[in-house]
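Student: I am new to this structure and would like a close look at a single part of it. Please pick one and walk me through it slowly.

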Amino acid sequence: MQIYVSGIHTDVGKTHFSAAFCANFNYDYFKLIQAGSPTDSELIAKFSPKTKIFKEGIFLQTPASPHLGKIKEKLDYKALDIILPKSKNLLIELAGGLFSPMDENYTMIDFMALNKRASILVAKYYLGSINHILLSIEALKQRNINILALVMMGKKDILQDDFIKNYAKIPIINLDFFDENSILNEDFKEQMQRIL
């Protein structure tokens, strides 16, 4: 199965989740667009050294929104022309949030809508995250993109999780941030197996 790893925002833990998922389920990894260094692929290699990592769809040196990096670096690419690897079990990590621009015309969610795959939506706990989570869920549903689960990164907040679960009616998986010694996680693996 090929699965998108989408986020409600930048810096919510998509790459940490991707490393844990790849390490626990032997999935391959592909970053759709990389903006800046160090790369997310390097973090995956550090945490999950056995994971097959494909070259990024687009690599930008500028650590900024991809449409800005494209202009600054005078690159010529069309976002919707990026080819996904032909891997049976592949995590496709997006950049930023659902509406982060890929080029001058299209966003991450536009790419997802054109190249339909199920998605795991990643979020973390902060003031205002419930609003960002629910808006992201609605945007995915409007485009008929299947949401396998919402992954909440960080220390579990039961009250927030309960509200989102009751309101949005999607499964929630909890994953705290980890290091190389704690990436293999039976609790996380059991939670994920319920939705796969």
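**The sheet and its helices**

Tutor: Let's begin with helix α7, residues 186–193, which lies across β6 and β8 and runs at about 165° to β8. Helices (H or I, at least four residues) and strands (E, at least two) are DSSP runs, numbered from the N terminus. "Across" rests on contact, meaning heavy atoms within 4.5 Å. The angles, from 0 to 180 degrees, are taken between N-to-C directions, with axes fitted as lines to C-alpha atoms, for helices over the stretch in contact.

Keep in mind that this is a predicted model, where local features need pLDDT of at least 70, side-chain atom pairs count only at pLDDT 80 or more, and totals for chains, interfaces and linings use all residues. Residues are numbered from 1 along each chain as its sequence is written, and side-chain values use heavy atoms, leaving out hydrogens and water.

Now for the sheet itself: 6 parallel strands make up an open sheet, in the order β2-β5-β1-β6-β7-β8. Because β2 (28–31) and β8 (172–175) are at the edges with a single partner strand each, one side of each has no neighbour in the sheet. From one strand to the next, the twist averages 25°.

Let's zoom in on one pair. Strands count as paired if DSSP finds at least two bridges between them; β1 (residues 2–7) and β5 (residues 90–93) run parallel and are joined by 4 bridges. Here you can find Tyr4 opposite Ile92 in β5.

Finally, look at helix α1, residues 14–25. Helix α1 lies across β1, β2, β5, β6 (118–124), β7 (147–153) and β8, and its direction is at about 175° to β5.
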